[in-house]
Amino acid sequence: MKGSRGDRLSSADRDPAGATPLLELRGLTVSVGHLPVVAGLNLKIARGEAVGIVGESGSGKSVTWLAVLGLLPGSLAVEGEALLEAENIIGASEQRLSQVRGGRVGLIFQDPISSLNPVQRVGAQVIEALRLHRGLRGYAARTEARRLFELVGIPDAERRLDRYPHELSGGQNQRVMIAMALAGEPELLVADEPTTALDVTIQAQILALIERLRREMNMSLVLISHDLSVVAEVCDRIVVMYAGQIMETGSTRSLFASPSHPYTKGLLGAAPVLAQKPQRLASIRGHVPEPWNMPPGCPFEPRCPYAMPACSAARPLLSNLAPDHQSACIRAGELPALARHGPT
Ligand SMILES: Nc1ncnc2c1ncn2[C@@H]1O[C@H](COP(=O)(O)OP(=O)(O)OP(=O)(O)O)[C@@H](O)[C@H]1O
Ligand SMILES: [Mg+2]
């Protein structure tokens, strides 16, 4: 059952020790044939927490969340668990998943035009979400749709409800997508590259909107982005993915103050990061390995300036550097010194 707003924790109470996470992924694996594209992911999202997922193209960011929400084609096999509080939604019925999607979990995708129905008025699409997830109809549904349009900053909301997607700008369509995602009063908002298709000024506005709504509605947020500056601005915690695995995760502050995986360091750029402002992903030589060409040990080893023979022997597991910081690099502890003296 979905908790009422009053049941939710304030952000000050978020993630008290021992609290059940809102969502927990346990050993989530997605395979094409026998080849994993997401390999045994473990991740907890607390109530009210904002988690940023970053990594280069092809690292498994989208597939992870499509798998959780039952949106992958049948050609990809999903194993493991995604516990929405006590309920494992991996393998749940389509009927149950369609209640979860847009209900407890709202979704925003990169490209609003391909996600909205081009031949249906945008207001009708929001009203449909309100009917499905909150049982609203008629005047009540239209009034609530208008309120949501106003909430997400669509000017002249009453008239825009009757427009088709092609009659609105990219930024306005993205706001419609956000209004739709909020229609079911989600506890978790998953936003996959929500600003990538937009120009820079509109990107900043949409990001500020997501941030404001998250705080006002006390939602958890999963924000997927190529752009470290985007997630650093909005998220409490960052998960760095590579080749379907978590390379490093930590509080935003800790990850920027002491990046503890060579891949994260690569993303942040080669310069000392302590005083550095968050920036876009720096380019790293080489590319993400394909699932059929995965190195036997650490997947980053072929590109890593600090690699040594042990790195290709076995896949390193995530280990604790601090309570809020984990790295999957066997040289994590040595990295600050290695960075000072240069790669060996
Ligand atoms: N439908 C599919 N069939 C087969 N392989 C797929 C499919 N969708 C994704 N993959 C593979 O899964 C891997 C992860 O893809 P995913 O889309 O999750 O990457 P991503 O991190 O979201 O990248 P981007 O930043 O480009 O969005 C890639 O190797 C991709 O080729
Ligand atoms: Mg993606």
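Start with ligand 1: 15 residues surround it, and V37, S57, K61, S62 and V63 are the closest. Here a residue counts as near a molecule or strand if its C-beta atom, placed from the backbone, lies within 6 Å of it. Sorted by class, this shell has six nonpolar, eight polar and one charged residues. In that sorting, Ala, Val, Leu, Ile, Met, Phe, Trp, Tyr, Cys and Pro are nonpolar, Asp, Glu, Lys and Arg are charged, and the others, Gly among them, are polar. Helix α1 (residues 61-68) gives the most to the shell, with three residues. Helices (H or I, at least four residues) and strands (E, at least two) are DSSP runs, numbered from the N terminus.

A word on what you're looking at. This is a predicted model, in which local features need pLDDT of at least 70 and side-chain atom pairs count only at pLDDT 80 or more, while totals for chains, interfaces and linings use all residues. Residues are numbered from 1 along each chain as its sequence is written, and chains are lettered from A and ligands numbered from 1 in the order in which they are written.

How far can you trust it? pLDDT is the predictor's confidence in each residue, from 0 to 100. The protein chain has a mean pLDDT of 87, with 89% of its residues at 70 or more. Two stretches call for care. Over residues 1-15 pLDDT stays under 50, and the model has 18 contacts beyond four places in sequence for them. Residues 270-281 also stay under 50, with 20 such contacts. A contact means that the C-beta atoms of two residues, placed from the backbone, lie within 7 Å. Where pLDDT is low, the predicted coordinates should not be read in detail.

Now the overall fold. The secondary structure of the protein chain comes to 12 helices and 12 strands, and 43% of the 344 residues count as buried. Buried means 20 or more other C-beta atoms within 10 Å of a residue's own, exposed means 12 or fewer, and partly exposed is in between, with C-beta atoms placed from the backbone. Among contacts with a separation of 6 or more, 63% are between residues 24 or more positions apart.

Next, the strands. Strands of a sheet pair through backbone hydrogen bonds, either parallel or antiparallel. In this model, two strands pair if DSSP finds at least two bridges between them. One open sheet has four strands in the order β2-β1-β4-β5, with antiparallel pairing. β2 (35-45) and β5 (87-88) stand at its edges with a single partner strand each, so one side of each is left without a neighbour in the sheet. Strand β4 (residues 76-84) is joined to β5 by two bridges, and L83 has N88 as its bridge partner in β5.

Strand β3 (residues 50-54) pairs in the parallel sense. Five bridges join β3 to strand β8 (residues 220-225), where A50 stands opposite L221. Four bridges link β3 to strand β9 (residues 237-242), and there G52 stands opposite I238. A50, G52 and V54 point one way from β3, while V51 and I53 point the other way. Five of the five residues of β3 are buried, so the strand is largely enclosed by the rest of the structure.

Further along, strand β11 (residues 319-322) and strand β12 (residues 325-327) pair in the antiparallel sense over three bridges. A hairpin joins β11 to β12 through two residues, with A322 opposite H325.

Among the helices, take α7 (residues 170-183). Its 14 residues should span 20 Å at 1.5 Å a residue, and the end C-alpha atoms are 20 Å apart, which agrees; the expected span is 1.5 Å times one less than the number of residues. 13 of the 14 residues of α7 are buried, so this helix too is largely enclosed by the rest of the structure.

L69 is buried, with 20 other C-beta atoms within 10 Å. Not counting residues up to four places away in sequence, L69 touches L97, R101, V105 and L107. L69 and V105 are 36 residues apart in sequence and 8.6 Å apart in space, C-alpha to C-alpha.

Finally, some backbone angles. Most residues other than glycine have a negative phi, and most peptide bonds are trans. E185, which follows α7, has a positive phi near 50°. E193 has a positive phi near 50°; E193 lies in the loop between β7 (188-192) and α8 (200-217). A243 has a positive phi of about 50° and is found in the loop between β9 and β10 (245-251).
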